[in-house]
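Here are my notes on the model, as numbered points. Please keep the sequence and the structure open while reading.

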Amino acid sequence: MNVSDLTLLELRQRLTTVGLCFGCGPFRIRLRTPVAPIAELLHDLYAHYPVYSELGIDDYRVKLDWASWSRRWIRPIVRFTADGPAPFTDVPVLRALPTLEWGTNWCIATRAHHFLMLHAAVVERNGCGLILPALPGHGKSTLCAALTHSNWRLFSDEFGLVRPEDAMLIPLPRLISLKNQSIDVIRAFAPSAHLSPSFYGTHKGTVAHVRPPLNSIVRMNEPVKPSLIIFPRWQSGALLNLESIPKDRAFMLLATNAFNYEVLGELAFNAVAKIVQNCDSYSLVYSDLTQAVQAIDELAHNAHD
Amino acid sequence: MNWLTMHMIKSPAHNARTLLINAVRFPETLPQLTLTDWDLLLRIARSKRLLGRLHADLSRLELLESIPTAAAAQLQAAHNLVHHRHTVLTWELDRIIWALKEIKVPIIALKGTAYVIAKLPNSAGRFFADLDILVPISRIAEVEQKLTERGWLKTQLSPYDDRYYRLWMHEIPPLRHRERESEIDIHHALLPRTSRYGTKLDTMMLFSESYLIKNSQVRVLGAQDMVLHALVHLLLEGDPNEGLRLRDLIDIADLLCHFGSTPKFWKGLLLRAQQLQLERILYYGLRYSQRLLAVQIPNSVLQSLTQSAPKLPIRWLMDWLMPLALLPEHPDYPKQMAMFARWLLYLRAHWLRMPFLLLMRHLTYKSWLRMRRTQRHVEIKPQDLQQL
Amino acid sequence: MHIWHLNSNQSLRWKHWGDQSALYQVASGETHFLNPLGVSILMQIEANSSNLDQLCERIATEFDCSIDDDLRNQITASLMRFDELGLVQRQRNDDLVA
């Protein structure tokens, strides 16, 4: 059963009582919230996630609560918690969804040390695992959203989850978070993309979330071997430029940009080494999304041959 | 069965406590837990920072394959983090030895790092945040000087805090190497100068009982002093939110079991507590290790400590407060009373460490800082990712 | 003159790509990225404890260059850094005899 199989009423009822327990990649997440306005958004954006009803062990228990009863009706604010003290500042209810997404990512990043977590988007096509590591603002999420709507399967736009034992990439198809001008860029590039409304004034500016396509959630238990690493950078008006990156440099960039490289020590060292050994690495500067996707398609085609 | 016991048995808090204490005491029974029990146990163990401990026990018993995969995954994550902390802290200690090589100063590793390098049973899976070392007070300026020359940086403190540290505390403001994350606390005594207990505690006595770790230039406290220091840490160094830490009591229980098999240990412990004026602390420590973690303590030892017990109403109060503050609550049913108990014991710890006037000044200054503090804005940075 | 040798009980894990290398230091959990000179110095010491003269000689042979002040200074600077990182340690000749 998926979230879309629940009626809105049933979803609300779960959210306010035992919680909505759903699967995202290897994790089982339980979400509870009395904040009614968010249920509709979740019904739409979480539609394809499987609902778990059987007894089991939750990986993350997240909660979005009204922060203050006195401010329940006038400019209401909400608080994110995950079985402990609130990690962030309370936010206005209008920004509840970005906070929930951000908070859940924070839980994963601070706890999932049985994986190596690269700070990267990951997609797959025809068995070719593509890692897109990038600094914030370099357009990794935009490119990831574009590829996801061009026959690539979404693994994640934020967490390159790597199983340290064999360096396989593990899907974690959470909502893709787009910022500022990327929102319109993706609307224009992929009219079929399913976007949330825009949320204004978050600490990252305007944010909108893209729902992962059904296929990427149905296949979220299928890992893939990494074959290609591309370091993308969007630059206004730039001509498409693709350059090969030597392995030592790719190693350094991947390792220093990971969430928990240090925590995993030698496991991480070996996993990253294995990844760069198996992958061709490139840097990609682009301004036109269509050209970039085309160039990546060609690389993937060659990498797989 | 009367109403009260009925109520206790059914209460969610009771259930949570039993689950965690049994997991720590009888890890071999963990494979029998249901999924629902595991779900709850993992939540409680995480809040008490004991996930690494469960992993270490199960790994030793070769039972990691006999528990649900989802539980094993969470324990593996905790293990990876703990292993990393152990590496980082022992390495920091190694670098300190390197930096201080020329000045030939004796160094005692305290708390976590000591347990790790002395390979004591409680170090397995134990999470540690900082590195603590003890050096003779006469050498402390020299040590601080040398470390700052060799790449360690002093913490930037407000003049108030810096003065507070240097005047009243038993350690200097923490140092941190410019290229690494770990904070090091350099102590010259085990208790603040203002403390009500242990004022006879001469640091040089600790050095004479300490011993060198094999193939290393670091010392650790003698068995009795190590236990007494763990007790001081548990009972006099609280944290208002977390309260007394169950993992600190578990350290004590493990140390008592480990050293307690040597016949001379207990006699020495009583004698040492007397020398250092820590009998009351020892009384509490043994009482709650026995009550909450069922540690075997010779009757003769308990009897000779009865004279160090507090008066009856205080004893009742402590018997009520200590379990409340130390044992876990059910995460879905937090109790105001437990929070109150933690706060009271925190105040008590401060009270015992500082004279009243100084305490008032310190607490008001601190609460003013807290009120004044601007709202937090959190970005995920690698160094934040070690919360678990 | 000092003898340089690998810091006691060190395990080093190497990955080489062309002339660049990454080194994982098990004891510290740190990863170091080294240039060819750094790699060569460390691998020489890993194989045999040596003094500065011996090192200069071997490195000069390996890189096919002459032993001049520049090379000596570069090697000395690398050794100092490796010492700080705890990769190598130095011992006086007479310490060894004693």
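1. How many residues has helix α15 of chain B, and how far does it reach from its first C-alpha to its last? Helix α15 (residues 312-326) of chain B has 15 residues and reaches 21 Å. That is close to the 21 Å expected at 1.5 Å a residue; the expected span is 1.5 Å times one less than the number of residues. Helices (H or I, at least four residues) and strands (E, at least two) are DSSP runs, numbered from the N terminus.

2. A word on conventions. This is a predicted model: local features need pLDDT of at least 70, side-chain atom pairs count only at pLDDT 80 or more, and totals for chains, interfaces and linings use all residues. Residues are numbered from 1 along each chain as its sequence is written, while chains are lettered from A and ligands numbered from 1 in the order in which they are written.

3. Back to α15(B). Its buried residues are Leu321(B), Met322(B), Leu324(B), Ala325(B) and Leu326(B). Buried means 20 or more other C-beta atoms within 10 Å of the residue's own; exposed means 12 or fewer; C-beta atoms are placed from the backbone. Seen down the axis of α15(B), the buried residues fall within an arc of 165°, so they line one face of the helix. The arc is that of the directions from the helix axis to the C-beta atoms. The face turned away from the buried side carries the exposed residues Leu312(B), Trp316(B) and Trp320(B).

4. Next, the chain B sheet. Seven strands form an open sheet in the order β3-β4-β5-β2-β1-β7-β6, with mixed pairing. Strands pair if DSSP finds at least two bridges between them. The edge strands are β3 (152-154) and β6 (211-212) of chain B. Strands β1 (residues 108-110) and β2 (residues 131-134) of chain B run antiparallel, joined by three bridges. Here Ile108(B) stands opposite Leu134(B).

5. Chain A has an open sheet too. Five strands form it, in the order β1-β2-β3-β4-β5, and the pairing is mixed. Its edge strands are β1 (20-24) and β5 (91-92) of chain A. Four bridges join β3 (residues 60-66) to the antiparallel β4 (residues 77-81) of chain A. Trp66(A) stands opposite Val78(A) in β4(A).

6. Last, the largest nonpolar core. This has 210 residues; such a core is a set of buried Ala, Val, Leu, Ile, Met, Phe, Trp, Tyr and Cys residues joined through C-beta atoms within 7 Å. Among the members that touch the most others are Leu254(A), Val272(A) and Ile133(B). Helix α5 (residues 69-99) of chain B gives the most to this core, with 11 residues.
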